[in-house]
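Subject: Handover of a structural model

Dear colleague,

Please find the structure below, followed by an account of what was found in it.

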Amino acid sequence: MKDFNFYAPTEVVFGEHSEEQVAQLVKKYGGTKVLVHYGGQSAVRSGLLDKICGLLSEGGIDYVKLGGVVPNPRLSLAKEGIELCRKENIDFILAIGGGSVIDSSKCIAYGVCLDGDVWDVYIGKATPEKMLPVACVLTIPAAGSEMSEASVITNEDGDVKLGYSNNISRPKFAIMNPKRTYTLPPYQTAAGVTDIMMHTMERYFNTECDMTLQDEIAEALMRTMKESVFEVLKNPEDYRSRAQIMWGGSLAHNDVTGNRGIGDWSTHQLEHELSGMFDVTHGAGLAAIWPSWARYVMHENLSRFVRFAVNVMGVPNDFTDPEGTALRGIEAMERFYHAIGMPINIKELIGRDITDDEITEMTRKCSRDYKRVCGQFKPLAAADMEAIYKMARG
Ligand code: NZQ
Ligand code: ZN
């Protein structure tokens, strides 16, 4: 087993009464004046925003609101948030929403404490040493940002979507009430589960293969997500299954199922270009790429794909034909994606054929002008990225 550091400092407050603790948690982590950051409509419509603001007021905590975060959160709104925080002397950011709102909050929190342009952090020109504390009330299990060190921001200037990781950005606390996820549309529910499983798969498909405990945890997590998603698609108010998915989303990305450092992450990198260019839902973009990535790289470590097919997808192991077993696992994943309403290629994702020029542009961006190789399972150069995008075009 490779050496690793494990760091998961976020206080998780889980359950149907968890929101009640919000004011005392903000105080515990030093907040006196809060930016309440949220998305488009869902937190307003459900009454969650009003409830949280009411609890902050009752607790004697001053706050300012900033809504309007869109999926694939934009740099321009984060910059607005930075100005607002400075003007209002904000010392704590509370995100109400999912990955997009939490990531926008992290970006604002970096920017407030930085001299210069916060985008420099995402392009590797600046390294923040401090930031405002961030916490969240999670409303969609998917991105795992509620416990992760990552944030992903889209710069509208050039439609460039970039992630930045730093342990200082792990949220101070995460309030998770599974009932708040009852209102999720089926597509967002399914895309969220796809992302949760992919965070596990990115770590699971490694070349290390000496991680029995982590592999067993990862397989259990993936099977549980696979089963639970059908339950909540049938009955959106199935508390037990919503709770499993919600907790699964955090565990999938807080490094319990495998340290990020040993993972592959190519599917994520290839997907970020899709959501940067076409503004699609991240989880759906992952489903459109993964089957092609899998077929392209499986021979690097066939036994890993066989194990995935058998232990996660329930494919019978044909010992005489490992390649066939591995392929049947990938096909089973495609059937699963279709069964939950996810695409399995780019055409299904964007609703039309992708052009050669678009593939060339995504390849250029993903390879950072042909200079970057990404992935560990099979390191991908620009030509590999282009080949996978072409396989995935549908
Ligand atoms: O804006 P509102 O109206 O709130 O609607 C949102 C949004 O349209 C809706 N929604 C959220 N909670 C809801 C709800 N609708 C009804 N009921 C509720 N309870 O869901 C839509 C999607 O929300 P979003 O926050 O975009 O979803 P997600 O959590 O999947 O976040 C996606 C973003 O996270 C990034 C992705 O790239 C993408 O930009 N990621 C962040 C990571 C991280 N920070 O560690 C890792 C991930 O791999 C990912 O890249
Ligand atoms: Zn993801």
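This is a predicted model: local features need pLDDT of at least 70, side-chain atom pairs count only at pLDDT 80 or more; totals for chains, interfaces and linings use all residues.

Leaving aside neighbours within four places in sequence, with which residues is S18 in contact? They are V13, I175, M176 and N177, where contact means heavy atoms within 4.5 Å.

Residues are numbered from 1 along each chain as its sequence is written, chains are lettered from A and ligands numbered from 1 in the order in which they are written, and side-chain values use heavy atoms, with hydrogens and water left out.

S18 lies in the loop between β1 (11-14) and α1; helices (H or I, at least four residues) and strands (E, at least two) are DSSP runs, numbered from the N terminus. S18 counts as buried because its relative accessibility is 2%, the criterion being under 20% relative accessible area with a 1.4 Å probe and protein chains only.

A23 belongs to helix α1 (residues 22-28) and is likewise buried, at a relative accessible area of 9%. Not counting residues up to four places away in sequence, A23 touches L55, L56, G59 and I61. The C-alpha atoms of A23 and L56 are 5.1 Å apart, although 33 residues separate the two along the chain.

The domain assignment, which is automatic or from a database, gives domain 1 (11-180) and domain 2 (184-391). Their contact takes 30 residues from domain 1 and 28 residues from domain 2. The centres of the two domains, taken over C-alpha atoms, are separated by 26 Å.

Ligand 1 is surrounded by 33 residues, each with a heavy atom within 4 Å of it; the closest are Q41, S42, S100, S148 and H199. Domain 1 and domain 2 each contribute at least three residues to this shell. At least two residues come from each of α5 (99-112), β6 (150-155), α7 (186-204) and α10 (266-278).

- a backbone N or O atom of G40, at 2.8 Å;
- a side-chain N or O atom of H282, at 3.1 Å;
- a polar side-chain atom of H253, at 3.2 Å.

The protein covers 89% of the 960 Å² of accessible area that ligand 1 has on its own, by the Shrake-Rupley method with a 1.4 Å probe.

Yours sincerely

Terms used. A polar contact is a pair of N or O atoms within 3.5 Å; within protein, one must be able to donate a hydrogen and the other to accept it, and residues adjacent in sequence count only if both atoms are side-chain atoms. Buried means under 20% relative accessible area, exposed over 50%, partly exposed in between (1.4 Å probe, protein chains only).
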